[in-house]
Amino acid sequence: MTLGIWLAALAAIALVLRRQPIALIAVALGLRLAIPSVALVAFTGTAATGQLQLASWFLLFAVLASLSSKPRMYLAEVNRRFWFYFFLVITLAAAVIITSQSQVPPSFMIVLLDTLGFGILLCFMIRATIGESAETGRRVALLVVSLACAEAVLAIVQSSTGKTLVWEQYMSSYYWWSPTATRVSGSVGAWLDLAFILAVAVPLSAVIRNTLLRLATVGLLLTALLLSQSRAPFIAAVMC
C-alpha cells in the first residue's frame, strides 16, 4: 500500500511537470542521488530486494507524461539517432535474456532493469531535451553539476566527521560498511556511484561562465573524488 501511494504521488508530479522536461530530469536525478536502493524500506515499508528505485518509477512516468505533451521533440530525437537507440534496446534485451538463463536470483533482473533501463531512459530524455537548443543543453549540464556539488559538500562533511550521516541505519546491512567513514559515499549509498557522478560533472563544469566559480567547482569535485578513494573515476576526471 505504501509503495502504491508513492507511485501515485510520483505519477501526479510527472503529470504536473510534463511540459517542463528539465524539471522532470531534475526530480529524477535528485531522487536517484538522494534515495539509494538500500533505503527504499524507509519509504515502501518492505525490503529493497527486488524493487525498482523510486527514481526509476518517476523517470518512467516522466517520459510517458512528457511524451504525451511533446511528442514531436521525442520523435525528432529518434529520427536523429535511431540506430543509437536501437543498439541500446538490443543490448538491454540481450542482457535480460542472458540473465534470465543464468543461475542468479530473480532480484538480479530487477537490478539490471533498474540500472540499464534508468540509464537508457535518462539518456533518451536528456538528448531529446537538449536537442531543442544549445541553451537547454547548458541548463541540463548546470543541473548535473549542481547536484554533484551538493554530493561533494556532503562527502567532505562525511570525511571531516568520520560518519556516514545519511541512511546509516540502512547502509549498515552492507558487508563493507563501517561506522567510521573511511571512504565517503555521499547520499548515493556507494563510493563508486558517488565517484561516477562527480567524474561526469567535472567536464560539464566547463559550461560555468565565471572563471573563478568554474575553478572552485572543479576543485570541490576533485576534492570529493579524492576522498572517495576511487582511482579510475579520478583519473578520468583529471584527463577530461
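Predicted model: local features only at pLDDT ≥ 70, side-chain atom pairs only at ≥ 80, totals over all residues.
Which residues does Gln53 touch, not counting residues up to four places away in sequence?

**Entry 1: Gln53**

I listed the contacts of Gln53 with residues beyond four places away in sequence. They are Arg32, Ile35, Pro36, Ser37, Leu40 and Asp114. I then placed Gln53 in the loop between helix H3 (41-44) and helix H4 (54-69). Is Gln53 buried or exposed? Its relative accessibility is 8%, under the 20% cut-off, so Gln53 counts as buried.

**Entry 2: Arg32**

From Gln53 I moved to Arg32, one of its contacts. Arg32 sits in helix H2. I checked its relative accessible area and found 19%. Buried means under 20%, so Arg32 is buried. Leaving out residues up to four places away in sequence, I found Arg32 touching Gln53, Ala55, Ser56, Asp114, Thr115 and Phe118. Asp114 is on the list for Arg32, and Asp114 is also on the list for Gln53.

**Entry 3: Phe118**

Phe118 came next, as a contact of Arg32. I located Phe118 in helix H7. At 8% relative accessibility, I logged Phe118 as buried. Beyond four places in sequence, Phe118 touches Ala28, Arg32, Ala55, Ser56, Leu59 and Leu113. Ala55 and Ser56 are in that list, and Arg32 touches Ala55 and Ser56 as well. I also took a distance from Phe118 to Ala12. The two are 106 residues apart along the chain, and their C-alpha atoms are separated by 19 Å.

**Entry 4: Gln20**

I looked up another loop glutamine. Gln20 falls in the loop between helix H1 (2-16) and helix H2 (21-34). Its relative accessibility is 45%, so I noted Gln20 as partly exposed.

**Entry 5: H5 against H7**

How do helix H5 and helix H7 pack? I read an angle of about 100° between H5 (residues 71-80) and H7 (residues 106-130), with their axes 9 Å apart. That makes H5 roughly perpendicular to H7. From H5, the contact uses Met73, Tyr74, Glu77, Val78 and Arg80. From H7, Phe124, Met125, Arg127, Ala128 and Thr129 take part. I sorted the contact residues by kind and got six nonpolar, one polar and three charged.

**Entry 6: Helix H8**

I checked the length of H8 (residues 134-161). Its 28 residues should span 40 Å at 1.5 Å a residue. The end C-alpha atoms are 41 Å apart, which agrees. Just after H8, I noted Gly162 with a positive phi of about 75°.

**Entry 7: The whole chain**

How many helices and strands are there in the protein chain? I counted 12 helices and zero strands. From the N terminus on, the elements run α-α-α-α-α-α-α-α-α-α-α-α. I compared the radius of gyration with that of a compact globule. For 240 residues the globule would be near 18 Å; the chain has 18 Å, which agrees. Along its principal axes, the C-alpha trace spans about 50 × 50 × 35 Å. Of the 240 residues, 40% count as buried. Last, I checked contact range. Taking contacts between residues at least 6 apart in sequence, I found that 67% join residues at least 24 apart.

Conventions
Residues numbered from 1 in each chain as written. Heavy atoms only, no water. Axes fitted to C-alpha atoms, helices over the stretch in contact; angles between N-to-C directions. Helix = DSSP H or I, 4+ residues; strand = E, 2+ residues; numbered from the N terminus. Parallel < 35°, antiparallel > 145°, perpendicular 65-115°, else oblique. Contact = heavy atoms within 4.5 Å. Nonpolar A, V, L, I, M, F, W, Y, C, P; charged D, E, K, R; others polar. Expected span 1.5 Å × (residues − 1). Rg over C-alpha atoms; globule rule 2.2 N^0.38 Å. Buried < 20%, exposed > 50% of the residue type's maximum accessible area, 1.4 Å probe, protein only.
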